[in-house]
Amino acid sequence: MADVDDGKMSFFDHLSELRTRIIWSLIPAGIALIGTLYFTDRIMMFLQRPLAQIKAPPVFLTPTEYFWTYMKVAMIAALFVAMPVVLWNVWAFVAPGLHKHERKYAAPFVIIGSVLFLGGGAFALLVVIPFAVQFLVNFGVEKGAQPMISIASYMDFILKFTLAFGLVFEMPVVITLLSMIGVVTPQFLAKNRKYAILINFIIAAVLTPTPDALNQSLMAGPLIILYEVGIISARIFGKRPAAPEPAAAPAATGGGGSA
């Protein structure tokens, strides 16, 4: 087919391109950091709501702890703001391996990927983390311990789960992208669905901080749904198998019989 670029990039060209894309992802994140610093006070108050509800305000143990935690929250917020640009650079990095007619999906990739990343983070902050914090802190209190939670450890807990859920919710986009470059096929994904469900529950058991089945299902359920969405998307946008070559027409036989 003529819709594939003839030029191929060497290994070092790929490394150079990757470095360029990382730089162009960090620049907008740095610019977004200027804006998120203005809202970090409100973000910190929002993130501490689960502790406020159980009357366990965080503490800081060193003079610099709150300052660096404040900056970390601002940087993660800037990453969420800059996610559309980051995803555009991801697309630009893999685009040379796609057909020309497939590169028109750049805008849907960026928009849907950004919405899923934000949705995963929101799901963690609004659903999973409040349950987890309440369960874990109350468990210690019921055992007779007094909570004294440092702001740094608490925010690390929050930010890691928020980023983890944001990345996990990118599953349909990743599956579609892998299907477009021919790494996986919808048939392979559908055939191995039962293994994917098992892996999703294992991932949920590892990432969910509480041992109860409810919170694990709150993560495993969306993962299974997102996997099915990925299969559907791979069927629509994935690479089509090459059409078989038509069989050569048999050579005409001479019809002259001896009289």
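These legends accompany close-up views of a predicted model.

**View 1. Packing of helix α5 against helix α7**. Helix α5 spans residues 106-142 and helix α7 spans residues 171-180. Their axes lie 9 Å apart and form an angle of about 145°. On the α5 side the contact involves Phe109, Ile112, Gly113 and Leu116, while α7 contributes Pro172, Val173 and Leu177. Of the residues in this contact, six are nonpolar, one is polar and none is charged.

**View 2. Salt bridge between Lys72 and Asp156**. This pair belongs to the two salt bridges found in a search of the whole structure. The closest N and O atoms of Lys72 and Asp156 are 2.8 Å apart. Lys72 sits in helix α3 (residues 65-81) and Asp156 in helix α6 (residues 151-168), so the pair links parts of the chain 84 residues apart. Lys72 has a relative accessibility of 35% and counts as partly exposed. Asp156, with a relative accessible area of 25%, is also partly exposed.

**View 3. Salt bridge between Arg193 and Glu228**. The side chains of Arg193 and Glu228 meet with an N to O distance of 2.6 Å, which is within the 4 Å limit for a salt bridge. Distant parts of the chain are linked here: Arg193 belongs to helix α9 (residues 193-207) and Glu228 to helix α10 (residues 213-237), 35 residues apart. Arg193 is partly exposed, at 29% relative accessible area. For Glu228 the relative accessible area is 26%, and this residue is likewise partly exposed.

Conventions:
Residues are numbered from 1 along each chain as its sequence is written. This is a predicted model: local features need pLDDT of at least 70, side-chain atom pairs count only at pLDDT 80 or more; totals for chains, interfaces and linings use all residues. Side-chain values use heavy atoms; hydrogens and water are left out. Axes are lines fitted to C-alpha atoms, for helices over the stretch in contact, and angles run from 0 to 180 degrees between N-to-C directions. Helices (H or I, at least four residues) and strands (E, at least two) are DSSP runs, numbered from the N terminus. Contact means heavy atoms within 4.5 Å. Ala, Val, Leu, Ile, Met, Phe, Trp, Tyr, Cys and Pro count as nonpolar, Asp, Glu, Lys and Arg as charged, and the others, Gly among them, as polar. Buried means under 20% relative accessible area, exposed over 50%, partly exposed in between (1.4 Å probe, protein chains only).
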